[in-house]
Amino acid sequence: MHMASQPGAPTGRLGPDAIPLVLRVNGQDYPLVIEPRVTLLDALREHLGLTGSKKGCAHGECGACTVLVDGRRINACMTFAVMHADQAITTIEGLAQGDALHPLQEAFIHHDGFQCGYCTPGQIMSAVGFLAEGHTGTDAEIREWMSGNLCRCGAYPNIVAAIAEVAREKAC
Amino acid sequence: MQPFAYTRAADPSDAVAAVAAEPDAAFIAGGTELVNWLQDGLANHSLLVDVNALSMLGGRV
């Protein structure tokens, strides 16, 4: 997962004008020319057209923009794209294998883990990170470790149920 | 957000030298709360020095 020495690592003083860089998103390399001040979220949404990651608060408080960077969940609104030019970025668009949904996507549908759906991509990406971190998946643990992802519709009981189901399956 | 230049520090002395050489430079690691300050205009920096690659911080963010 650690890719610091990958060829895409930017070196030297870059910007403030637009600079060329390559973002590896969902296994695909995307060449871009952007300023260093472009956040990872804006790069994904505005420059790559990957609008699954949502901009909720743009202040790192709601978690709607959660993506995985080298397998670790982060708020894409609180970091700059140039900082991740040599890392593997995974967004909600990269979870399904063709028509086969990721188990967490299936579980969110099965448990109705959303109302408006705006926070859902962030909830699911965060849940992927949660499971990868090796938590046991009790309701209390899910609520604690998913606390960075807010749902204004209040679908929390169903979100917890969806994640708990996948956590149980993973434990088997 | 005001434009800024970016550089990635290779080691601690490199990071310190880069920030010390420029009055308006700042370190960036996780980005909280610096990105918020930059977005709200509470902070403006000519250069951000990324210290994520320094092993002393326990790896990349």
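The paragraphs below describe a predicted model, beginning with chain B and continuing with selected places in chain A.

In this predicted model, local features need pLDDT of at least 70 and side-chain atom pairs count only at pLDDT 80 or more, whereas totals for chains, interfaces and linings use all residues. Residues are numbered from 1 along each chain as its sequence is written, chains are lettered from A and ligands numbered from 1 in the order in which they are written, and side-chain values use heavy atoms, with hydrogens and water left out.

Chain B contains two helices and three strands; here helices (H or I, at least four residues) and strands (E, at least two) are DSSP runs, numbered from the N terminus. Along the sequence these elements follow the pattern β-α-β-α-β. The radius of gyration of chain B is 11 Å, close to the 10 Å that the globule rule gives for 61 residues, so the chain is as compact as a globular protein of that length. This radius is taken over C-alpha atoms, and the globule rule is 2.2 Å times the number of residues to the power 0.38. Taken along the principal axes, the C-alpha atoms of chain B fill a box of roughly 30 × 25 × 10 Å.

Of the 61 residues in chain B, 44% count as buried, a term that means under 20% relative accessible area, with exposed meaning over 50% and partly exposed lying in between (1.4 Å probe, protein chains only). Among the contacts in chain B with a separation of 6 or more, 49% are accounted for by residues 24 or more positions apart, where contact means heavy atoms within 4.5 Å.

Several backbone details in the two chains deserve attention. Most residues other than glycine have a negative phi, and most peptide bonds are trans. In chain B, the peptide bond from Thr32(B) to Glu33(B) is cis, with omega near 15°. Glu33(B) is placed in the loop between strand 2 (25-28) and helix 2 (34-40) of chain B. In chain A, a cis peptide bond with omega of about 10° joins Gly15(A) and Pro16(A), and Pro16(A) lies in the segment before strand 1 (19-25) of chain A.

Chain A also has residues other than glycine with a positive phi. For Ala58(A), phi is near 60°; this residue sits in the loop between helix 1 (40-47) and strand 3 (66-69) of chain A and is buried, with a relative accessible area of 18%. For Asp70(A), phi is near 50°. Asp70(A) belongs to the loop between strand 3 and strand 4 (72-75) of chain A, and its relative accessible area of 15% makes it buried.

Further along chain A, Ile89(A) is found in strand 5 (residues 88-90). Ile89(A) counts as buried because its relative accessibility is 2%. Leaving aside neighbours within four places in sequence, its contacts include Leu23(A), Val25(A), Leu40(A), Val67(A), Val69(A) and His84(A). Arg73(A) is 16 residues from Ile89(A) in sequence, and their C-alpha atoms are 9.7 Å apart in space.

The description now turns to helices of chain A. The axes of helix 3 (residues 120-132) and helix 5 (residues 156-171) come within 11 Å and cross at roughly 35°. Axes are lines fitted to C-alpha atoms, for helices over the stretch in contact, and angles run from 0 to 180 degrees between N-to-C directions. Where these helices meet, helix 3 of chain A contributes Gln123(A), Ala127(A), Phe130(A), Leu131(A) and Ala132(A), while helix 5 of chain A contributes Ile159(A), Ile163(A), Val166(A), Ala167(A) and Lys170(A).

Two other residues of helix 3 can be followed individually. Thr120(A) lies in helix 3 of chain A and counts as buried at 8% relative accessibility. Not counting residues up to four places away in sequence, Thr120(A) touches Phe108(A) and Phe114(A). Ser126(A), also found in helix 3 of chain A, is buried with a relative accessible area of 2%. Apart from neighbours within four places in sequence, Ser126(A) is in contact with Thr66(A), Arg73(A), Met146(A) and Asn149(A).
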